[in-house]
Amino acid sequence: MGDRERNKKRLLELLQAEGTGNAHCADCGAADPDWASYKLGIFICLNCSGIHRNFPDISKVKSVRLDFWDDSIVEVAVVLQFMTHNGNLRVKAKYEARVPAFYYIPQASDCPVLKEQWIRAKYERQEFMADGKTMSPSDNREGFLWKRGRDNAQFLRRRFVLSAGEGLLKYYTKEEGKDPKAVINIKDLNATFQAEKIGNPHGLQITYRREGHIRNLFVYHESGKEIVDWFNALRAARLRYLKMAFPELPESELVPLITRNYLKQGFMEKTGPKQREPFKKRWFALDPQERSLLYYKNPLDAFELGQVFLGSREQGYEVYEDLPKGVRGNRWKAGLTIVTPERKFLFTCPSEKEQGEWLESLRDVLSRPLTALNLLTASAESGHSRR
Ligand SMILES: [Zn+2]
């Protein structure tokens, strides 16, 4: 066996070595990473290696399997010793020594801007080291974001002001304007990256409650750092609110409540309560925490057309993989029926693959026990009038 093969074998062994954390990407947790940053001493996935390439002063990457590991590029013996001594868990302890509870740590499925900023914050700006530099976002923030117009697709520059002390996010249409266009309570606010839907790699969706409905705002900033800092500032403000609202709950139970990611989104066709109305194409978004299936005429509408609350199986909610006998869809054949105590909701999906994904996601929500928070929200909502 030549040196190159021997070195590769040693690296592959390191990937599987117990107690090192090397079996998962050091940055996004993806399984079976096969790239190494030999300057940091970690194993990462292909995606994250692409981000590491952007700051070669701090990180240098090579593929474990595809690249040559010999003395032509680096002092391999030293590198192997370094990789052995470090590894994902040790390096994590150093660079993630004090990640704030509100900071969103992305997973493999999250959008590129979140991963890139997490990796830069960790290694390039070294924000989370024990003796690190000062932390970036506080939960007060002010600045400009591009906001999509409510009734047209045009993005306009708007000033946003986040005041965590007041528990409010405001935005202004005029730079010197006195009155904010909207005053949003942090209590009702949710922010999620929706790059694909918005059509911008930094696209952020901010939702809040207004008169019993869910209002959507779509914003972005040219700078990836700015938009991720906004996102984490909103998260910090949300955590602060949750701690006040639920002082008896430990932080670890509040952190998952900060951001509500949709379990699934996409187009389906839907008929009305009589089941004889024509099926109409709608955009659906499933919010598992609120147990709500929201539907819209278009993905970027300001308000939803309606919501289907999804209780638990014990309360009589169920989902089936077809339409009731005698009911036919319009263009799409793959049917779906949601049964609630009040009525049936009938849908058709664009493909069997979509149908399968919707079934799985809806069943997931129905099988979750109702939380105390669900009950609180449900009772608060019943007091609202519907538009
Ligand atoms: Zn990764």
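The structure is a predicted model. The chain is divided into three parts, domain 1 (3–124), domain 2 (140–258) and domain 3 (264–378). A zinc ion is held by four cysteines, Cys-25, Cys-28, Cys-45 and Cys-48, and the largest pocket has a volume of about 930 Å³.

**Domains**
- Between the C-alpha centres of domain 1 and domain 3 there is a distance of 41 Å.

**Zinc site**
- The SG atoms of Cys-25, Cys-28, Cys-45 and Cys-48 coordinate the zinc ion at 2.3 Å.
- Along the chain, these donors are spaced as C-x2-C-x16-C-x2-C.
- The angles among the four donor atoms run from 105 to 117°, and the site is tetrahedral.
- For comparison, the ideal angle for four tetrahedral donors is 109.5 degrees.
- Cys-45 has a relative accessible area of 10%, so it counts as buried, the cut-off being under 20%.
- Cys-48 is also buried, because its relative accessible area is 0%.

**Largest pocket**
- The lining of the largest pocket consists of 28 residues.
- Nearest the centre of this pocket lie Ser-109, Asp-110, Phe-193, Asn-261 and Tyr-262.
- Two strands, S8 (190–193) and S11 (264–270), each supply at least two residues of the lining.
- Helices H6 (195–198), H7 (224–245) and H8 (251–258) likewise each supply at least two lining residues.
- Sorted by class, the lining has 15 nonpolar, eight polar and five charged residues.

Methods: Residues numbered from 1 in each chain as written. Predicted model: local features only at pLDDT ≥ 70, side-chain atom pairs only at ≥ 80, totals over all residues. Heavy atoms only, no water. 1 Å grid on protein atoms, 1.4 Å probe; cavity = no way out; pocket = protein on both sides within 12 Å on 5 of 7 lines; lining within 4 Å. Points joined across faces, edges and corners; volume = space filled by probe spheres on them. Helix = DSSP H or I, 4+ residues; strand = E, 2+ residues; numbered from the N terminus. Nonpolar A, V, L, I, M, F, W, Y, C, P; charged D, E, K, R; others polar. Donors = N, O, S within 2.8 Å, 3.2 Å for Na, K, Ca; no water. Tetrahedral: all angles 85-135°; square planar, octahedral: opposite > 155°, others 65-115°. Buried < 20%, exposed > 50% of the residue type's maximum accessible area, 1.4 Å probe, protein only. Domains from an automatic or database assignment.
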